[in-house]
Amino acid sequence: MHEGAEGGEAGRGVAPGAGDDPHRVGPDPATAETLPPAAFTDPAFLARELATLFARAWLVAPPLADGRPLSDAVAAPEAHAPVDLLGRPLLVRRDAEGALRAFPNVCTHAWHTLAQAPGRGRTLLCPQHGRAFDGAGRCVGQRGFSPEAVPGFPRPCDHLTPLRVGAWGPLVFLALGAPGRDLDAWLAPVRASLEGLPLERLTARPHGAEVREVEGNWKLHAWNYMDTFHIPFIHRAPGGLADAVDLTSYRTELFDGAALQWAYARDPADGFDPAHVHARFRDPARPGRRVFALWWLLFPNAALNFYPWGLSLNVWEPVPDRPDRTRFGWLHWVLDEAKWAARDDRWLSAKTDAEDVAALAQVRRGAASGLAPRGRFAPGAEDGPHWLHRQVWLAVRGRTGAPPA
Ligand code: FES
Ligand SMILES: [Fe+2]
């Protein structure tokens, strides 16, 4: 078992009383309980998640207010764009050499936001009193300020504090603090699963409502995403996802901070071009089988859904102080136009989404009812949900999980 057995936790000097931690999710799916319902409704637990889990995570940048992906808005040298992350104003900029940089979108003078819309330029000029910053975020001057007039100007804190930023394909990753994982190592299994997929051909396709506030704690959305167990019920045959995939082939694979779900298509015509996914997804016994989709959860709050038509991204951002609300970011990139046009018929995108939304609304009611006990997990069938709950608990305790054995 990964992350050390419970004895190991005790052996490492976990704080006294950790065994009584009301949020503890044990390592064994057969004996673990879910997070308590209050973890989905309590503002104090959300504040704890933001201060621990989200402060130390790499987070996928949500779509911009205009529905575009951030990567498109900062594609050109010296382009910048404001992006809201967990309710905080950030600024992402591509420098003249092509590297991405990120800063707080907050002027160091008197706190006006620096950019209110995407733009381009060598320097950033604050619109309130004209403080200027260079491409590296250094404060390079302001009328009324000079070392003679204002001793010590500029202080180190007059420059913008760089934040961590990275990119893979069309995705931009940001971290508010020091992330607990190396970005490249974290993404390595995702990249490997899709070796051969021409990421550079993915074209963003905004089609409205890319960012909206929805009901339900962010974890309910992630849990629903990891819920394979509900497929024969919520997405039942005939006509549902349970029909479109070969359910007997459905797999959930757990990695360090990421989880992959995949299955073979019932009809090989609905599957991936074998050249676009790793050779390990071929079935030597039945070489005609094709992978229906690769569904990646990037812990904590993003899902990358790779289909033969392209990629859809889901980001579930908690809304500070509103544990029952989620800021949902949704973006699509198209690889194959004809398949994209058939996504609702062949990959059942709209139907599956609607079924998940309906199920989630019911779970949300139950979680908030004051009548729900902690749940249990069906070993094997619910190893993914168990993993998710445990990752949350480990992260709010200040630890991250190692790869499962
Ligand atoms: S707030 Fe930016 S220059 Fe004053
Ligand atoms: Fe579902």
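This is a predicted model: local features need pLDDT of at least 70, side-chain atom pairs count only at pLDDT 80 or more; totals for chains, interfaces and linings use all residues.
Q: Which elements give two or more residues to the lining of the second largest cavity?
A: The second largest cavity holds about 50 Å³ of space, and its lining includes Leu70, Ser71, Leu171, Val172, Leu331 and Trp333. The elements that supply two or more residues to this lining are α3 (70-73), β10 (171-175) and β18 (322-334).

Q: How many residues of the lining of the second largest cavity are nonpolar, polar and charged?
A: Among the residues that line the second largest cavity are Ala61, Pro62, Pro69, Pro170 and Leu313, and Ser71 also belongs to the lining. Divided by residue class, the lining comprises 10 nonpolar, one polar and no charged.

Q: Which residues are the protein donors of the iron ion (ligand 2)?
A: In sequence the donor residues follow the spacing H-x4-H-x120-D, and both His230 and His235 are buried. The donors lie 2.1 Å from the iron ion (ligand 2), and they are His230 (NE2), His235 (NE2) and Asp356 (OD).

Q: How many residues does the contact take from domain 1 and from domain 2?
A: The protein is divided into domain 1 (70-168) and domain 2 (189-396), with 36 Å separating their centres, taken over C-alpha atoms. Where contact means heavy atoms within 4.5 Å, domain 1 gives five residues and domain 2 gives 11 residues.

Key:
Residues are numbered from 1 along each chain as its sequence is written. Chains are lettered from A and ligands numbered from 1 in the order in which they are written. Side-chain values use heavy atoms; hydrogens and water are left out. On a 1 Å grid over the protein atoms alone, a cavity is a set of points where a 1.4 Å probe fits but cannot get out, and a pocket is an open set with protein on both sides within 12 Å along at least five of seven lines; lining residues have an atom within 4 Å of a point. Grid points are joined across faces, edges and corners, and a volume is the space filled by probe spheres set on the points. Helices (H or I, at least four residues) and strands (E, at least two) are DSSP runs, numbered from the N terminus. Ala, Val, Leu, Ile, Met, Phe, Trp, Tyr, Cys and Pro count as nonpolar, Asp, Glu, Lys and Arg as charged, and the others, Gly among them, as polar. Donors are N, O and S atoms within 2.8 Å of the metal (3.2 Å for Na, K and Ca); water is not among the atoms, so sites may look incomplete. Buried means under 20% relative accessible area, exposed over 50%, partly exposed in between (1.4 Å probe, protein chains only). Domain bounds come from an automatic or database domain assignment.
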